[in-house]
Amino acid sequence: MYGWIWRHLPGNALVRAALSLLLVLGTVYVLFEYVFPWAEPLLPFGDVTVDEGGAGVG
């Protein structure tokens with residue numbers, strides 16, 4: 001997949017590297033701004049099963 005992207009980017013190696021960096025940064029931005037906030041309520045991170053009584057400590 002990365003080879004396909006690299007072959008289809010225009011320019012020489014320096015331009016391709018800059019465009020690749022922009023693609024990665026754009027993907028990270030979209031994930032953090034749109035995908036992760038949408039998916040967060042669907043994930044069970046708030047379902048904690050540990051008691052706060054401190055049983056077994058000490």
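This is a predicted model: local features need pLDDT of at least 70, side-chain atom pairs count only at pLDDT 80 or more; totals for chains, interfaces and linings use all residues.

User: What is the relative accessible area of Tyr-29, and how is Tyr-29 classed?

Analyst: Tyr-29 has a relative accessible area of 48% and is partly exposed.

User: How is a pair of aromatic rings described?

Analyst: One gives the distance between the ring centres and the angle between the planes. The count here is two aromatic pairs. In one of them, Tyr-29 and Tyr-34, the centres are 6.5 Å apart and the planes meet at 85°, so the pair is edge-to-face. Phe-32 and Phe-36 also form an edge-to-face pair, with 5.2 Å from centre to centre and 90° between the planes.

User: How far apart in helix 2 are Phe-32 and Phe-36?

Analyst: An α-helix has 3.6 residues a turn, so residues three or four places apart point the same way. Phe-32 and Phe-36 are four residues apart in helix 2, about one helical turn. Phe-32 is exposed at 55%, while Phe-36 is partly exposed at 42%.

User: How does the span of helix 2 agree with its number of residues?

Analyst: Helix 2 runs over residues 13–39; at 1.5 Å a residue, its 27 residues should span 39 Å, and the end C-alpha atoms lie 36 Å apart, which agrees. Helix 2 also has a kink of about 40°, centred on Leu-31.

User: What does the protein contain as a whole?

Analyst: The protein has two helices and zero strands. Of its 58 residues, 3% are buried. Its accessible surface is about 5,500 Å², 70% of which belongs to carbon and sulfur atoms.

Definitions and conventions: Residues are numbered from 1 along each chain as its sequence is written. Side-chain values use heavy atoms; hydrogens and water are left out. The expected span of a helix is 1.5 Å times one less than its number of residues. The bend at a residue is the angle between axes fitted to the seven residues ending there and the seven starting there. Buried means under 20% relative accessible area, exposed over 50%, partly exposed in between (1.4 Å probe, protein chains only). Accessible areas come from the Shrake-Rupley method with a 1.4 Å probe; for residues, only the protein chains shown count as cover. Rings of Phe, Tyr and Trp (its six-membered ring) pair if their centres lie within 6.5 Å; planes under 30 degrees apart count as stacked, over 60 as edge-to-face and the rest as tilted.
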